Amino acid sequence: RLSGCKCFPPFEVVNQNFCRSELKSIKFFGKIKMKENIKFDMTVPWGNGLLNIRVGAIIMKKDKILMVANSKNPEYLYSVGGRIKFGETAEQAVIREVYEETGIQMEVDRLGFVHENYFYGDVDSNLGKLIYEISFFFYMKVPENFEPKNQTFTEDDHKEYLQWISLDSTVKYYPEFFKTELKHPQTAVKHFVTDGRNICTG
């Protein structure tokens with residue numbers, strides 16, 4: 001299903017609406033006064049399908065990565081993160097998501113991957129719908145003594161929980177390119193495309 005990868009040299013994105021000193025403040029979720037218009041997830045209906053824009057956090061410790069599992073499908077793990085809310089930047093979103101899911105405020109190290117993904121929805125709200133999802137995966141600055149304060153939380157009426165796994169784990173986890181790419185991390189931002197439109201949905 002992996003149809004392509006492109007590598008780009010390291011780069012810095014600067015939001016021209018902020019001065020550099022203000023940009024530094026977005027590194028810490030606790031120092032941001034979130035605006036009232038940050039309410040809605042970046043999920044946009046498009047014909048019979050959906051467009052999602054989301055972020056994921058790469059939280060590594062002793063050759064293990066922190067992932068999320070849920071009570072509905074415990075054999076399938078995915079990254080800490082979620083959809084960007086309208087009005088947020090991607091960095092603000094990943095800092096918020098890490099705080100919400102682990103209970104720890106953490107800084108962004110750098111953007112690692114941009115992932116385009118076509119797939120069919122498998123939950124009640126989007127079952128069978130074609131979804132085009134753009135994800136930004138960030139390496140986080142993980143404190144040496146980091147341990148999540150939150151171990152479980154609820155999302156979409158089912159319980160989710162955090163789990164440390166080895167990169168060589170036989171458990172299926174998303175995105176699949178983590179298995180190879182995180183063993184030899186690079187400073188370049190990589191672009192991956194996954195296209196599941198040729199898979200029969202039944």
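Is Phe-177 buried or exposed? Hi everyone, let's start there. Phe-177 is buried, because its relative accessible area is 5%, and buried means under 20% with a 1.4 Å probe, counting protein chains only.

A quick word on what we're looking at. This is a predicted model, where local features need pLDDT of at least 70, side-chain atom pairs count only at pLDDT 80 or more, and totals for chains, interfaces and linings use all residues. Residues are numbered from 1 along each chain as its sequence is written, and side-chain values use heavy atoms, with hydrogens and water left out.

Now, the rings. Searching the whole structure turns up 11 aromatic pairs. Rings of Phe, Tyr and Trp (its six-membered ring) pair if their centres lie within 6.5 Å; planes under 30 degrees apart are stacked, over 60 edge-to-face, and the rest tilted.

Take Phe-113 and Tyr-139: their ring centres are 6.1 Å apart and their planes meet at 40°, so this pair is tilted. Phe-113 belongs to strand E7 (residues 107-120) and Tyr-139 to strand E8 (residues 130-141), so the pair ties together parts 26 residues apart in sequence. Strands here are DSSP runs of E, at least two residues, numbered from the N terminus. Both Phe-113 and Tyr-139 are buried.

Back to Phe-177 and Phe-178: with centres 5.6 Å apart and planes at 80°, the pair is edge-to-face.

One last thing: the charged end of Arg-110 sits over the ring of Tyr-139, 4.1 Å from its centre. That label needs CZ of Arg, or NZ of Lys, within 6 Å of the ring centre and within 35 degrees of the ring normal.

Notes
Helix = DSSP H or I, 4+ residues; strand = E, 2+ residues; numbered from the N terminus. Buried < 20%, exposed > 50% of the residue type's maximum accessible area, 1.4 Å probe, protein only.
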